[in-house]
Amino acid sequence: MTTTMEPVRVAVPASRGLLDRVLKMRELAILAVLVLMLAATQIDNSAFLSQQGIKDLLLNATILVLVAVGEAMVVITRNVDLSVGSVLGITAFAAGDFLQGGGNPLLAVVLAVALGAGFGLLNGLLVSIGQVPALVVTLGTLYIIRGIDSIWIGSREITAGVLPTGFIDFGHNGLSALPYLAVLAAAVLVAVAYFLRNYRSGREFYALGSSPEAAGLAGVPVRRRILAAYIACGALAGLAGALYLARFGNVDSGTGSGYELTVVSAVVVGGVAFTGGSGSVYGVALGALLLTSINSVLPSIGVSSVWVQAIDGILLLVAIAVDRILALRVAGILRKRAAETRSARHG
Amino acid sequence: MTQRIAPAGRLGVALAVTATVALGLSACGGTTKSSTDKAASSAPAAAAGSSANPNAPTKTGLTVAFLPKQVNNPYFTISDNGGKAALTTLGESYKEVGTNSGTDTAGQVSYVNTLTQQKVSAIAVSAQDPGALCTALKQAMSNGIKVVTYDSDTNPDCRQLFISQASSEALGRSEVDLLGKQLNYTGDIAILSAAQTATNQNTWIGFMKDELKKPQFAKMKLVKIAYGNDDAQTSFQQTQGLLQQYPNLKGIISPTTVGIKAAAQYLSGSQYKGKVTLTGLGTPNDMRAYVKNGTVQGFELWDPAKLGSLAAYAATALASGQITGATGQTFKAGDLGSFTIGAQGVVVLGAPTVFTAANIDQFHF
């Protein structure tokens, strides 16, 4: 199995260009909506894209981007992880508790990531070995982890006062408009995207999501890949938990409740189909940026926050509609090409 | 590489896993949810009308149940522990039940129904919604259970007493006064509230607006009320929006503990630190860091432990027949002194405490 860890050069046939272009349109569409929205807001309110404004936009998106990228890896394999909100909450508290006792900030982050990966392993084992639908399993772990959280934490909370100043500063400082947290998230994003696109094992995530049976028959180690996806998802939720602590400086037993729905929204808006096997993490990052930016745009132009959820919902429906149309078009292209090949052979 | 287990083995594992998950789920779910329907047929409230005997002895062995808006919420834990301490002193028993979410109104209703079935002596509840609990609470009162609300009230006919943390009027006005002093009574200000439907928030905001009409606030203008839904991220973004939309903003009042700490955390890490004044209602533990680093000059709050304690004394006095909840009756509340019931069954704890760099280290809640 060592060969799987090396990038494979896949020769892309010229005929696939059209297909690639159709699929890329999906990400470009989100980017276009995002740019249009930010530009319009900037025209309305010139303070919006100030240095502080850009920094805030990036910081607001960071945590969601990290969790959504992990979630996307799971969704690509035609599974789902609903426990990410609970994992984020418990890892944030674990990191805070460790720091409160005088721990090293770097170790606190490692601890959060390891704890998250541990919960990911649990989810992955239940889903891959138990062969139980991921929706049910992770709904169960959502409640179990939240329950552990409530019992362990009770009414305790971590406040900014007990955290090292350096750790809190890391949560909002950066190189001019570019916050450290966003740099970290971008590095994770690029690494995951490279893995999914260029490694054999990364491509197998997609194969698995397109058709688990076919992938199994083709020799893809199904269980191992699903396990890996869940561990990565848990670890990223853990990392996000540590960063949440740095950013907000406050964690209690309710932290991260309901976050899974925001994460799933970002994944779907970002173009990862819930039926698995398609989409890219760049799209997901754009989706996350789009969703968090809407929440910044509306207050900035003075629209009441009650509209936020309705707008998020409309975006979701639009994203799903676009995906459906794209899927039909892709299917049409493939059918046409197959017909051409057949007629060429006969003629 | 494709490892397969025999169908029987796989089924076995699947069953085992499903069972584990089901166990976990039932362990973490609430208690009875099925009792909600039974509450529908309820009699009108047994309102104050029967006679009170102020000299009646305080009964012992009563059970007073606290039903906060949210369990494991640090604020309510302090408050309920205050109630527990008071009840222990009096020789009563204490219990606390409640939902994990601050917006699970249906969950609160079913807890009220469960407590009614368990025939507790009194319920002290912080209502998530002024109307939704009414049917269930009236049913409890018609079964002889005394109902006291604290922190957040229901409609007045759905309970016997409301223990108010401070009069809404005093809280609303004093926050404006506090910000006025800090801003030298000049500049644009905004309010960062919780949910748009939160009863207590809206009452306080009403008094804030009224206070701002006074002549000394002529140079202070309320430009916007934003709603952060008591969520850290939303409160962050609403604060950012306020600062972007109103570049001349000088002050923010956040009458919610979640809102004020989120706003303080955002301000302390932004270019606005020290330029925009923040005040409102917060807890000393949450706000200590921001008071010490200069982001916040001062904020205020009542002592939540005293609030819970007063709710416990009031519930005991009701259950002992010393009071019925009628206006003008008085009862004793241990160290807190003697309290008189005001109009509509409201009992006010007292004036809020202002916390500044000078005194914050004396408080630990």
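1. Two strands pair if DSSP finds at least two bridges between them, and strands themselves (E, at least two residues), like helices (H or I, at least four residues), are DSSP runs numbered from the N terminus. In chain B, strand E8 (residues 249-254) and strand E9 (residues 277-280) run parallel and are joined by four bridges, and within this pairing Ile252(B) stands opposite Leu278(B) of E9(B). Between the two strands the chain passes through helix H8 (residues 257-268) of chain B, and this β-α-β crossover is right-handed; the term applies if, with the strands pointing away from the viewer, the path from the first strand over the helix to the second runs clockwise.

2. A word on the basis of these remarks: this is a predicted model, in which local features need pLDDT of at least 70 and side-chain atom pairs count only at pLDDT 80 or more, while totals for chains, interfaces and linings use all residues. Residues are numbered from 1 along each chain as its sequence is written, and chains are lettered from A and ligands numbered from 1 in the order in which they are written.

3. Is strand E9(B) covered on one face or on both faces? Thr277(B) and Thr279(B) on one side, and Leu278(B) and Gly280(B) on the other, are all buried, and both faces are therefore covered. Here a residue is buried if 20 or more other C-beta atoms lie within 10 Å of its own, exposed if 12 or fewer, and partly exposed in between, with the C-beta atoms placed from the backbone. As background, in a regular strand the side chains alternate between the two faces of the sheet.

4. Strand E1 (residues 63-67) of chain B is largely enclosed by the rest of the structure, because four of its five residues are buried. E1(B) runs parallel to strand E2 (residues 93-96) of chain B, with four bridges joining them, and Thr63(B) has Ser93(B) of E2(B) opposite. E1(B) also pairs in the parallel sense, over four bridges, with strand E3 (residues 122-125) of chain B, where Ala122(B) is the bridge partner of Val64(B). Together with helix H2 (residues 74-90) of chain B, E1(B) and E2(B) make a right-handed β-α-β unit.

5. Two asparagines of chain B deserve a careful look at their backbone. Asn72(B), in the loop between E1 and H2 of chain B, has a positive phi of about 65 degrees although it is not a glycine, and Asn72(B) is buried, with 21 other C-beta atoms within 10 Å. Asn229(B), which is found in the loop between strand E7 (220-227) and helix H7 (232-245) of chain B, has a positive phi of about 55 degrees, although it is not a glycine; Asn229(B) is buried, with 21 other C-beta atoms within 10 Å.

6. Taken as a whole, chain B has ten helices and 14 strands, and 52% of its 365 residues count as buried. Of the contacts in chain B with a separation of 6 or more, 75% are between residues 24 or more positions apart, where two residues are in contact if their C-beta atoms, placed from the backbone, lie within 7 Å.

7. The domain assignment of chain B gives domain 1 (55-166 + 304-354) and domain 2 (168-301), with bounds that come from an automatic or database domain assignment. The C-alpha centres of the two domains of chain B lie 29 Å apart, and the contact takes eleven residues from domain 1 of chain B and 13 residues from domain 2 of chain B. From the UniProt record, an unreviewed entry, comes the label "domain: Periplasmic binding protein" for residues 64-322 of chain B; UniProt positions are given in the numbering used here, feature names are shortened, and annotations may be inferred rather than shown by experiment. Over residues 64-322 the chain is 46% helix and 19% strand, and the end C-alpha atoms are 16 Å apart.

8. Which element gives the most residues to the side of chain A that touches chain B? In the contact between the chains, 45 residues of chain A meet 41 residues of chain B, and the elements giving two or more residues to the chain A side include helix H4 (105-130), helix H5 (134-153) and helix H10 (222-248) of chain A. H5(A) gives the most, with seven residues.
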